[in-house]
Amino acid sequence: MAATGVSGLRFTVRYPEGRVEVLTVDSDKVLVGSGAHCEIRLPAEHAAVEHMEVTMSLGGANAQARAVDRLPTINGVEFMQSPVMADSVVVIGAC
């Protein structure tokens with residue numbers, strides 16, 4: 001999953017079976033997880049109800065993990081909080 005800040009936050013989501021979705025969320029805050037209230041929903045077998053939050057500010061995009069038992073990664077490194085660049089690859093489960 002990659003995020004860019006062009007007219008909202010844009011994500012390219014790649015699912016384990018090969019399906020790809022490009023999603024643009026017109027908000028400065030995006031919740032990613034398996035919960036029905038999340039702006040980006042992932043399968044429950046890969047993501048916690050609220051797995052990660054991405055926020056956009058003047059300083060750029062930042063990600064914060066909300067699921068501490070299955071930390072997401074950015075470019076292969078687990079994180080609790082991290083900046084997200086346009087070409088960053090964020091992985092949650094197998095997505």
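Visitor: What makes β9, β8 and β11 an open sheet, and in which order do the strands stand?

Guide: The order is β9-β8-β11, and the pairing is antiparallel. Strands are DSSP runs of E with at least two residues, numbered from the N terminus. Two strands pair if DSSP finds at least two bridges between them. β9 (77-78) and β11 (90-91) each have a single partner strand, so one side of each is left without a neighbour in the sheet.

This is a predicted model: local features need pLDDT of at least 70, side-chain atom pairs count only at pLDDT 80 or more, and totals for chains, interfaces and linings use all residues. Residues are numbered from 1 along each chain as its sequence is written, and side-chain values use heavy atoms, without hydrogens and water.

Visitor: How do you know that β8 pairs with β9?

Guide: 2 bridges join β8 (residues 73-74) to β9. The definition asks for at least two, so the two strands pair. Isoleucine 74 has valine 77 as its bridge partner in β9.

Visitor: Which strands form the mixed sheet, and what makes a strand an edge there?

Guide: 5 strands form this open sheet, in the order β5-β4-β6-β7-β10. The edge strands are β5 and β10 (81-84), as each pairs on one side only. β6 and β7 pair in the antiparallel sense over 6 bridges. Valine 54 stands opposite alanine 63 in β7.

Visitor: Why is histidine 51 called buried?

Guide: Buried means under 20% relative accessible area, exposed over 50%, partly exposed in between (1.4 Å probe, protein chains only). Histidine 51 is at 1%, so it counts as buried. Its place is in the loop between β5 (40-41) and β6. Contact means heavy atoms within 4.5 Å. Beyond its neighbours within four places in sequence, histidine 51 is in contact with residues including Val32, His46, Arg70 and Ile92.

Visitor: What makes a set of residues a nonpolar core, and which members touch the most others?

Guide: The set holds buried Ala, Val, Leu, Ile, Met, Phe, Trp, Tyr and Cys residues joined through side-chain atoms within 4.5 Å. The largest core has 20 residues, and Ile40, Leu42 and Met52 touch the most other members. β2 (9-14), β4 (29-33), β6 (52-57) and β7 (60-65) each supply at least two. β2 gives the most, with 3 residues.

Visitor: How do you know that arginine 19 lies over the face of tyrosine 15?

Guide: A charge sits over a ring if NZ of Lys or CZ of Arg is within 6 Å of the ring centre and within 35 degrees of the ring normal. Arginine 19 lies over the face of tyrosine 15, at 3.9 Å from the ring centre.

Note on methods:
Helices (H or I, at least four residues) and strands (E, at least two) are DSSP runs, numbered from the N terminus.
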